[in-house]
Amino acid sequence: METSIFTKIIKGEEPAEVLYDDERVIIVLSRAPMGPGHSLVIPKQPTEHFYHMAAGEYEYLMQVARKFSLVLEAVFEQKVVAMQLMGLGVAHVHAHLVPINDEADMDHDRAVFGPLESLKPAADQIRSYLAENPLSSIQ
């Protein structure tokens, strides 16, 4: 499998707004957000499609995505946090977590790639929440 942008982020070779990092996954804000708080949960073990992941790795990805969705729900005012697994664009499994009000909010055509600095306000809000509510404490 080719080295992806996500592998470079995991290795620290590509800048990103990292929100969470453990031995198995990393969570970053999307550089092309569909809305405020659009986050990517990325397994550190590169696999092209989620259905090719080892069972334990898939379950861990879902567990972390569920917990982080609760963080996004608490921080942002949208109605729901949507999750999407695609497997297109970047050949490395990743879960999109997007606070939305409507299904149309999940339109990738609305996403606008911007400078890393533009993500700082959302990153600061999320980090502030996580400082008081670490992901490990969320049931």
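**Entry 1: the aromatic residues**

I began with Y51, which counts as exposed at 56% relative accessibility. This is a predicted model, so I treat every value here as computed from it. The cut-off for exposed is over 50%, so Y51 passes. I then asked how many aromatic pairs there are. The count comes to two. F50 is partly exposed, with a relative accessible area of 33%. I also looked up the cluster, and F50, Y51 and Y58 form one.

**Entry 2: helix α2**

Next I went to α2, residues 55–75. It has 21 residues. I took the distance from its first C-alpha to its last and got 31 Å. That is close to the 30 Å expected at 1.5 Å a residue. Which residues of α2 are buried? I listed Y60, L61, M62, V64, A65, K67, F68, S69, V71, L72 and V75. K67 is on that list, and I marked it in my copy. I then looked for what the buried residues of α2 pack against. The strands are β1 (18–21), β2 (25–29), β3 (39–43), β4 (80–85) and β5 (95–100). Helix α3 (120–132) is also a partner.

Y60 came up again when I checked charges over rings. The charged end of R24 sits over the ring of Y60, 4.1 Å from its centre. Y60 itself is one of the buried residues of α2.

**Entry 3: helix α3**

**Entry 4: salt bridges on α3**

I searched the whole structure for salt bridges and found six. One of them joins the side chains of D124 and K120, at 3.1 Å from N to O. Both residues lie in α3, four residues apart, about one turn of the helix. R127 also forms a salt bridge with D124, with the closest N and O atoms 3.9 Å apart. The limit is 4 Å, so the R127 and D124 contact still counts. R127 and D124 are three residues apart in α3, again about one helical turn.

K120 is partly exposed at 43%, and R127 is partly exposed at 32%. E17, K120, D124 and R127 are linked in a network of salt bridges.

**Entry 5: R110 and D105**

Last, I looked up another salt bridge. The side chains of R110 and D105 meet at 2.9 Å, N to O. R110 is partly exposed, with a relative accessible area of 42%. D105 is buried, at 17%. Buried means under 20%, so D105 falls below that cut-off.

Notes:
Residues are numbered from 1 along each chain as its sequence is written. This is a predicted model: local features need pLDDT of at least 70, side-chain atom pairs count only at pLDDT 80 or more; totals for chains, interfaces and linings use all residues. Side-chain values use heavy atoms; hydrogens and water are left out. Helices (H or I, at least four residues) and strands (E, at least two) are DSSP runs, numbered from the N terminus. The expected span of a helix is 1.5 Å times one less than its number of residues. Buried means under 20% relative accessible area, exposed over 50%, partly exposed in between (1.4 Å probe, protein chains only). Contact means heavy atoms within 4.5 Å. Rings of Phe, Tyr and Trp (its six-membered ring) pair if their centres lie within 6.5 Å; planes under 30 degrees apart count as stacked, over 60 as edge-to-face and the rest as tilted. A charge sits over a ring if NZ of Lys or CZ of Arg is within 6 Å of the ring centre and within 35 degrees of the ring normal.
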